[in-house]
Structure formats: C-alpha cells, structure tokens
Amino acid sequence: MLKFVKGYMESIDGVATYPMISLLIFFVFFALLFWWVFTASKAYIKEVSELPLEENNQSKL
C-alpha cells in the first residue's frame, strides 16, 4: 500500500511544495498563538479561568 502511494506521489509535479506550505501554516499558527498568550491581559485570563467555577451560569437539575 505504501509503495503505491509513494509511487503515485512522485508522479505529481510540485508535490514538494505541499509539505512546505503545511510547515508554514503550522509555524504561523503557533507563532500567533504564542504572541497572543504573552499579550493577553491578565484580567481577561483571570475572568475566563473562573468561568467554570461560577454557579449562577449552571442549570440545576
């Protein structure tokens, strides 16, 4: 099965660009996420982290 896929992929022109595009998307996503984590306000992070602990937002069964 792998031999069939490898042979098929080698016949596609420009197939080497797809891994580079994937790597670029991966790098940009995590770079933006890293930037957001360090620039997010501490008040916002505290507010969001306490949401699961609030009792008035939960419905009681």
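Author: A salt bridge here is a side-chain nitrogen of Lys or Arg within 4 Å of a carboxyl oxygen of Asp or Glu. The structure holds one. This is a predicted model, where local features need pLDDT of at least 70, side-chain atom pairs count only at pLDDT 80 or more, and totals for chains, interfaces and linings use all residues. Residues are numbered from 1 along each chain as its sequence is written, and side-chain values use heavy atoms, with hydrogens and water left out.

Reader: So what makes E50 and K46 a salt bridge?

Author: Their side chains come to 3.2 Å, N to O, and the cut-off is within 4 Å, so the pair qualifies.

Reader: Why is E50 called partly exposed?

Author: Buried means under 20% relative accessible area, exposed over 50%, and partly exposed in between (1.4 Å probe, protein chains only). E50 has 36% relative accessibility, so it lands in that middle class.

Reader: What makes F29 and F30 an edge-to-face pair?

Author: Rings of Phe, Tyr and Trp (its six-membered ring) pair if their centres lie within 6.5 Å; planes under 30 degrees apart count as stacked, over 60 as edge-to-face and the rest as tilted. F29 and F30 are 5.0 Å centre to centre with 85° between the planes, so they pass both tests. The structure holds three aromatic pairs, and ring pairs link F26, F29 and F30 into a cluster.

Reader: How much of the protein is buried?

Author: Buried residues make up 2% of its 61 residues.
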